[in-house]
Amino acid sequence: MKVFEVASAGAPAQEAERPTPDLTGREVLVKVTNSGVCHSDVHCAEGFFDMGDAGKAPVESLGMSFPLVLGHEIVGEVTAVGPDASLSPGGEKFIVFPWIGCGECGACAEDRENYCTGARRNLSLQNDGGFAREVWVPDERYLIPVGDLDPSWAATLACSGLTGYAAVSKALTTEVDRPIAVIGTGGVGLSAVVLLKARGHKNVVAADVSENALKNAEAAGATSTVLTTGDDPVKDIVQAGGGKLAAVIDFVNNTVTSSIALGTLGTGGKLVGVGLFGGQLAFPTTVVALQQLKIEGNFVGNLPELRELIELAKSTQLPQLPITEKPLEAAEVNAALTAIEEGTISGRTVLVAD
Ligand SMILES: [Zn+2]
Ligand SMILES: [Zn+2]
């Protein structure tokens with residue numbers, strides 16, 4: 001089967017051939033029809049993640065090894081199934097849940113595969129992903145019907161949408177009028193603004209260094225917006241929220257933004273750190289104790305959360321981020337990765353097979 005692989009760190013994606021697997025159990029083979037390109041694909045193609053003062057972590061430290069077939073926002077059609085699968089090959093489109101764990105640890109047993117402590121099998125990281133003609137999926141349970149959703153938009157739900165959904169789940173409180181801020185309202189952050197509103201939160205503060213990003217956040221339903229380039233962004237955010245915050249979801253999550261976020265939190269407040277821009281937490285520890293603050297990271301989400309998100313998308317009119325469709329070819333994989341790295345793209349690029 002044909003894949004578009006990155007052979008070594010920094011190399012462009014190029015066409016390559018993989019042996020087609022003999023399927024066992026409930027394994028399925030999916031013909032990729034729509035494949036979203038994500039910022040984390042750029043980090044993986046470069047071969048490292050920025051860990052702040054701890055330096056650069058090579059992707060190998062995450063159990064990955066080149067050549068890599070990236071792409072984890074996958075929609076496709078089943079072309080072959082293992083002997084125990086109940087699905088059969090056909091034209092129905094499915095979203096593929098890519099954040100697959102070892103299947104054996106306690107977290108996996110509880111359907112929290114993004115907390116897997118064993119040998120992870122995430123598509124595009126440890127296992128081949130969706131920049132390919134076909135992708136192998138270890139169990140049919142990871143497929144969720146697209147239904148009437150636009151398949152290119154549906155593909156993006158598996159990463160940017162799911163990450164926003166799971167982060168919002170960690171931030172939400174029963175006090176719907178207490179302010180929750182979203183820092184960084186680019187692609188994923190914008191989806192968090194939308195989801196906070198869609199899930200009933202009434203006081204959403206959007207904070208960003210870009211006026212354009214804030215305009216998008218306002219259009220997406222943010223209650224107030226704060227340009228964080230002023231002298232005292234902590235004060236500005238608290239003022240916009242009408243008081244100290246219940247939670248901040250930080251989609252930048254660098255030294256500067258995490259310190260702003262912690263500074264805005266009220267008693268029992270929570271920082272949900274999501275962004276992978278790199279940096280160090282620096283904050284008075286006494287305040288953490290006295291204010292009983294919580295700090296929780298978020299990496300993608302789990303299978304039940306993706307099912308919930310897709311149900312929500314099917315039953316509610318969620319605003320959609322602008323999507324640019326390009327042909328699913330190696331040259332377009334590379335063009336999309338470069339555009340994300342250079343910041344010359346707004347919204348998402350989704351590669352579409354003929
Ligand atoms: Zn992603
Ligand atoms: Zn596991």
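**Figure 1. Contacts of Leu 125 in a predicted model.** Leu 125 touches Cys 44, Met 64, Leu 68, Trp 99 and Phe 299, not counting residues up to four places away in sequence. Contact means heavy atoms within 4.5 Å. The model is predicted: local features need pLDDT of at least 70, side-chain atom pairs count only at pLDDT 80 or more, and totals for chains, interfaces and linings use all residues. Side-chain values use heavy atoms, with hydrogens and water left out; residues are numbered from 1 along each chain as its sequence is written, and ligands are numbered from 1 in the order in which they are written. Leu 125 sits in the loop between helix H2 (106–109) and strand S8 (134–137). Helices (H or I, at least four residues) and strands (E, at least two) are DSSP runs, numbered from the N terminus. With a relative accessible area of 12%, Leu 125 is buried. Buried means under 20% relative accessible area, exposed over 50%, partly exposed in between (1.4 Å probe, protein chains only). Pro 12 is 113 residues from Leu 125 in sequence and 17 Å away in space, C-alpha to C-alpha.

Figure 2. Donors are N, O and S atoms within 2.8 Å of the metal (3.2 Å for Na, K and Ca); water is not among the atoms, so sites may look incomplete. The ideal angle for four tetrahedral donors is 109.5 degrees. Cys 108 and Cys 116 are buried.

**Figure 3. The zinc ion (ligand 1) and its protein donors.** Cys 38 (SG), His 72 (NE2) and Cys 159 (SG) lie 2.0 to 2.2 Å from the zinc ion (ligand 1). Their spacing reads C-x33-H-x86-C. His 72 lies in the loop between strand S5 (56–58) and strand S6 (73–81), and Cys 159 in helix H3 (residues 151–171), so the pair ties together parts 87 residues apart in sequence. Both His 72 and Cys 159 are buried.

**Figure 4. Ser 35 in strand S3.** Strand S3 (residues 28–37) holds Ser 35. At 0% relative accessibility, Ser 35 counts as buried. A polar atom of the Ser 35 side chain lies 2.7 Å from the backbone oxygen of Gly 130. Residues touching Ser 35, beyond four places in sequence, include Glu 73, Phe 131, Leu 328 and Thr 349.

**Figure 5. Ser 258 in helix H7.** Helix H7 (residues 255–264) carries Ser 258. Ser 258 counts as buried, at 3% relative accessibility. The backbone oxygen of Asn 254 is 2.8 Å from a polar atom of the Ser 258 side chain.

Figure 6. Strand S1 (residues 2–6) pairs with strand S2 (residues 13–17) in the antiparallel sense over 5 bridges. Two strands pair if DSSP finds at least two bridges between them. Val 6 has Ala 13 in S2 as its bridge partner. The hairpin has 6 residues between its strands, and Gly 10 in the turn has a positive phi of about 85°. In S1, 4 of the 5 residues are buried.

Conventions. Polar contact = N/O pair within 3.5 Å; in protein donor to acceptor, adjacent residues only side chain to side chain.
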